[in-house]
Amino acid sequence: MEVVEKFLSIDGEGPTAGELAVFIRLKGCNLRCSWCDTTYSLEETAQADSATAEELYRYVKSMPAHNVTLTGGEPLLHPGVEELLALLNEDPALQVHVETNGSVDLRWWKKQFPWVSFVVDFKLPESGEMEKMDRGNLRVVDNRDVYKFVIASRQDLEYAAWLVQEEQLCQRTAVHFSPVLGKVDPAEIVEYMKEKGLSDVKLQMQIHKLIWKPDQRGV
């Protein structure tokens with residue numbers, strides 16, 4: 001596998017936000033979101049090191065954390081990720097999260113790796129990639145997973161709220177609204193949540209960007 005970076009830090013978002021986690025970022029993505037904060041991992045020319053599933057598993061086990069996050073780019077499009085997930089999934093000491101961009105059909109992955117938690121993005125209008133979302137995933141997720149709506153404008157916020165209510169998504173999985181830093185005021189999201197009574201939605205700030213510089217890598 002082509003690994004752009006791997007490191008130990010706190011989980012900046014998702015179901016274990018604030019806890020230590022081992023991150024493995026794989027190269028490549030099929031989307032080009034307007035606000036992407038990991039553009040260094042997307043292109044074929046991105047700098048990366050090759051590693052086998054066994055080598056990555058050993059790296060994970062050498063770290064003092066039981067949370068593991070596979071991310072990208074889009075990790076589920078990366079050749080060999082099934083082998084790595086199988087190793088991680090079979091280890092009862094690990095809690096495995098996969099951050100996926102919402103364009104990949106999750107039905108097979110959910111059946112193959114039932115103990116993995118999928119943190120699924122839904123790209124909203126400001127991203128420029130909403131038409132590529134696999135909407136079937138809205139009905140595949142369960143209480144192990146998280147659906148994350150990355151919000152960059154009022155239009156994004158209104159569409160996310162409508163879709164969550166239309167799909168009754170909070171009845172199936174956790175739902176997070178995540179503001180794009182510098183694009184939308186988190187207070188506006190909170191006021192909208194109050195106005196619409198979105199009591200089952202969680203505002204999710206990217207903690208790592210509050211602690212370190214927003215463009216700092218390896219954190």
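Modeller: The side chains of Arg25 and Glu5 meet in a salt bridge, with 2.8 Å from N to O. A salt bridge here is a side-chain nitrogen of Lys or Arg within 4 Å of a carboxyl oxygen of Asp or Glu. The model is predicted, so local features need pLDDT of at least 70 and side-chain atom pairs count only at pLDDT 80 or more, while totals for chains, interfaces and linings use all residues. Residues are numbered from 1 along each chain as its sequence is written, and side-chain values use heavy atoms, with hydrogens and water left out.

Colleague: Are Arg25 and Glu5 buried or exposed?

Modeller: Both Arg25 and Glu5 are buried. Buried means under 20% relative accessible area, exposed means over 50%, and partly exposed is in between, with a 1.4 Å probe and protein chains only.

Colleague: How many salt bridges are there by this rule?

Modeller: The count comes to 14. One of the others joins Glu167 and Arg139, whose closest N and O atoms are 2.9 Å apart. Glu167 lies in the loop between H4 and S8, and Arg139 in the loop between S6 and S7, so this pair ties together parts that are 28 residues apart in sequence. Glu167 is buried at a relative accessible area of 15%, whereas Arg139 is exposed at 52%.

Colleague: Which residue forms a salt bridge with Glu188?

Modeller: Arg154 does, with the closest N and O atoms 3.6 Å apart. Glu188 belongs to helix H5 and Arg154 to helix H4, so parts 34 residues apart in sequence are tied together. Glu188 counts as partly exposed at 28% relative accessibility, and Arg154 is partly exposed at 36%. Elsewhere, Lys110, Asp142 and Asp145 are linked in a network of salt bridges.

Colleague: Let us turn to H4. What do its end C-alpha atoms say about its length?

Modeller: Helix H4 has 13 residues (residues 154-166) and should span 18 Å at 1.5 Å a residue; its end C-alpha atoms are 18 Å apart, which agrees. The expected span is 1.5 Å times one less than the number of residues.

Colleague: Which residues of H4 are buried?

Modeller: They are Asp156, Leu157, Ala160, Ala161, Leu163 and Val164. Seen down the axis of H4, they fall within an arc of 165°, so they line one face of the helix. The arc is that of the directions from the helix axis to the C-beta atoms.

Colleague: What covers the buried residues of H4?

Modeller: The cover includes strands S6 (117-122), S7 (146-151), S8 (174-179) and S9 (201-203), together with helix H5 (186-196). Contact means heavy atoms within 4.5 Å.

Colleague: And what is found just after H4?

Modeller: Gln168 takes a positive phi of about 50° there, although Gln168 is not a glycine. Gln168 is in the loop between H4 and S8 and is partly exposed, with a relative accessible area of 46%.

Colleague: Now H5. Which of its residues are buried?

Modeller: Ile189, Tyr192 and Met193 are the buried residues of H5. They cover an arc of only 100° around the axis, which puts them on the same side of H5. On the other side of H5, Lys194 and Glu195 are exposed. The cover over the buried residues of H5 includes S7, H4, S8 and S9. Just after H5, Gly197 takes a positive phi of about 65°.

Colleague: Which residues have the most contacts inside the largest nonpolar core?

Modeller: Leu85, Trp109, Phe149 and Phe177 do, in a core of 58 residues. H4 gives the most to this core, with five residues. A nonpolar core is a set of buried Ala, Val, Leu, Ile, Met, Phe, Trp, Tyr and Cys residues joined through side-chain atoms within 4.5 Å.

Colleague: What is Leu85 in contact with?

Modeller: Leaving aside neighbours within four places in sequence, Leu85 is in contact with Leu70, Leu76, Val96, Val98, Trp109, Phe113 and Val116.

Colleague: Lastly, which residues does a cis peptide bond join?

Modeller: A cis peptide bond joins Gly72 and Gly73, with omega about 10°. Gly73 lies in the loop between strand S4 (67-71) and helix H2 (81-89).

How values were computed. Helix = DSSP H or I, 4+ residues; strand = E, 2+ residues; numbered from the N terminus.
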